[in-house]
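Here is a short report on one protein chain. Look at the sequence and the 3D view, then read on.

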Amino acid sequence: MKFVLLRPLLEVLAVLALVLGVARWVAGWFGKRTHTYRVTAARQLRLLAWPLLALGTGLSVVPALAKGPHGNASPLEWGLAAGLVAVALALGAPAAVLHLRYWVLNHETVLVLQPKENRLEVYQHGQRQYFERRDIARVQRVTCRTRATFWAPYNYVRLLLHDGREIVLTSLLADLEPLTVFLRSVPTDRRTVAWAWA
């Protein structure tokens with residue numbers, strides 16, 4: 001059984017990781033540390049690398065499955081291929097679905113966080129969401145309970161404002177722990193769930 005898609009997928013992922021790593025290293029030399037967070041290709045690749053690898057590995061045997069159990073493969077090989085696809089989907093699909101959901105929520109969101117200057121700003125669809133820290137009634141911090149899954153890095157913070165607005169900031173933007181620390185004076189509900197659907 002040949003893994004038709006696995007090698008090209010691995011090569012593309014390796015080249016992307018290398019290019020993004022070198023670009024980030026070079027940018028670190030010449031740029032100053034930013035406190036502006038948005039959805040970037042590097043962040044998405046870091047979150048999606050293992051789920052995409054799992055899906056690519058599992059889906060590379062789909063051509064063998066398409067021939068059915070009576071093709072060139074023996075029933076044992078067909079069963080193993082079907083099992084591999086099922087495992088790959090179980091590992092990679094939940095993370096891919098969460099990634100897509102978080103992207104829909106935050107692809108046009110910009111977070112500006114400068115704790116030393118006591119500055120927190122959120123821009124959605126190019127418009128600033130005006131609020132101060134005192135306008136936040138409560139913070140909900142939701143993280144994944146299991147650390148050994150591909151969807152464990154996906155978590156979010158929901159800011160519940162006194163005027164009824166809700167602002168959802170996901171891990172697709174940035175690591176959210178500094179934001180949680182910045183808002184430690186605001187009442188915070190921390191929840192751990194099996195799957196952090198926002």
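Which residue in S3 stands opposite Leu-113? Leu-120 does. Keep in mind that this is a predicted model.

## The sheet

Strands of a sheet pair through backbone hydrogen bonds, either parallel or antiparallel. Here 4 strands form an open sheet, and the pairing is antiparallel. Their order is S1-S2-S3-S4.

The edge strands are S1, at residues 36-38, and S4, at residues 127-129. Each of these pairs on one side only. From one strand to the next, the twist averages 25 degrees.

## Strands S2 and S3

S2 covers residues 109-114, and S3 covers residues 119-124. Antiparallel pairing joins S2 and S3 over 6 bridges. Val-110 faces Tyr-123 in S3 across this pairing.

S2 and S3 also form a hairpin, with 4 residues between them. Asn-118 sits in the turn. Its phi is positive, at about 55 degrees.

## Strands S3 and S4

S3 pairs with S4 too, in the antiparallel sense, over 3 bridges. Tyr-123 has Arg-128 as its bridge partner in S4.

## Annotated spans

The unreviewed UniProt entry lists residues 6-27, 47-66 and 78-98 under "transmembrane region". In the model, residues 78-98 are 100% helix and 0% strand. The end C-alpha atoms of residues 78-98 lie 30 Å apart.

Methods:
Residues are numbered from 1 along each chain as its sequence is written. This is a predicted model: local features need pLDDT of at least 70, side-chain atom pairs count only at pLDDT 80 or more; totals for chains, interfaces and linings use all residues. Side-chain values use heavy atoms; hydrogens and water are left out. UniProt positions are given in the numbering used here, feature names are shortened, and annotations may be inferred rather than shown by experiment. Helices (H or I, at least four residues) and strands (E, at least two) are DSSP runs, numbered from the N terminus. Two strands pair if DSSP finds at least two bridges between them. Axes are lines fitted to C-alpha atoms, for helices over the stretch in contact, and angles run from 0 to 180 degrees between N-to-C directions.
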